[in-house]
Amino acid sequence: MRRAALAVALVALAAASPALAADHVVVLSNMRFGALPANLRVGDTITWENRDIVAHTASARDRSFDVTLQPHQARRITLRHAGPVAFYCRYHPAMQGELRVAAR
């Protein structure tokens, strides 16, 4: 009887728990942002990885994040808000993109 109750409780807990956050990587190389991840959700993380020999930034136009990346450096951010987030490199404004973040 206790095992059955425990099993029911675990199933209910799993059903009530939000999906786990995912980790994504965006590579910066050849003066470009690489492929942007699909299906982003609030709470997910993005690791910006600079493989170029010059510094870059990943700067959100809404100022929700702003990371400076020295050559061959990586930094991680956590997505805090749902909606589209346009971003660019402050040093190279032609480098730009847009993340689409869904609510969790």
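**Salt bridges and surface of a predicted model**

Biologist: How does E98 count, as buried, partly exposed or exposed?
Modeller: In this predicted model, E98 has a relative accessible area of 35%. Because buried means under 20% and exposed means over 50%, the residue falls in between, and E98 counts as partly exposed.

Biologist: Which residue meets the side chain of E98 in a salt bridge?
Modeller: A salt bridge needs a side-chain nitrogen of Lys or Arg within 4 Å of a carboxyl oxygen of Asp or Glu, so the partner of a Glu must be a Lys or an Arg. The partner here counts as exposed, at 61% relative accessibility, and the N to O distance is 3.0 Å. The residue that meets E98 is R100.

Biologist: How many salt bridges are there by this rule?
Modeller: The pair of E98 and R100 is one of them, and D44 with R104 is another. By this rule, the count comes to four.

Biologist: How far apart in sequence are the parts that D44 and R104 tie together?
Modeller: D44 forms a salt bridge with R104, and their closest N and O atoms are 2.5 Å apart. D44 lies in the loop between strand 3 (40-41) and strand 4 (45-50), whereas R104 lies in the segment after strand 9 (96-102), so the parts that this pair ties together are apart in sequence by 60 residues.

Biologist: In which strand is the salt-bridge partner of R90?
Modeller: The side chains of R90 and D66 meet in a salt bridge, at 3.3 Å from N to O. The pair links distant parts of the chain, 24 residues apart, with R90 in the loop between strand 8 (83-88) and strand 9, and D66 in strand 6.

Biologist: Which residues make the nonpolar surface patch of about 280 Å²?
Modeller: One member, I53, is found in the loop between strand 4 and strand 5 (56-60). I53 counts as exposed, because its relative accessibility is 74% and exposed means over 50%. The patch is made by M31, I53 and V54.

Biologist: Does T45 count as buried or exposed?
Modeller: T45 is found in strand 4, and beyond four places away in sequence its contacts are A22, D23, H24, R76, I77 and T78. Because its relative accessibility is 10% and the limit for buried is under 20%, T45 counts as buried.

Methods: Residues numbered from 1 in each chain as written. Predicted model: local features only at pLDDT ≥ 70, side-chain atom pairs only at ≥ 80, totals over all residues. Heavy atoms only, no water. Helix = DSSP H or I, 4+ residues; strand = E, 2+ residues; numbered from the N terminus. Buried < 20%, exposed > 50% of the residue type's maximum accessible area, 1.4 Å probe, protein only. Patch = residues over 30% accessible without salt bridge, like charges linked within 9 Å, V, L, I, M, F, W, Y side chains within 5 Å. Areas by Shrake-Rupley, 256 points an atom, 1.4 Å probe, with all protein chains shown as cover. Contact = heavy atoms within 4.5 Å.
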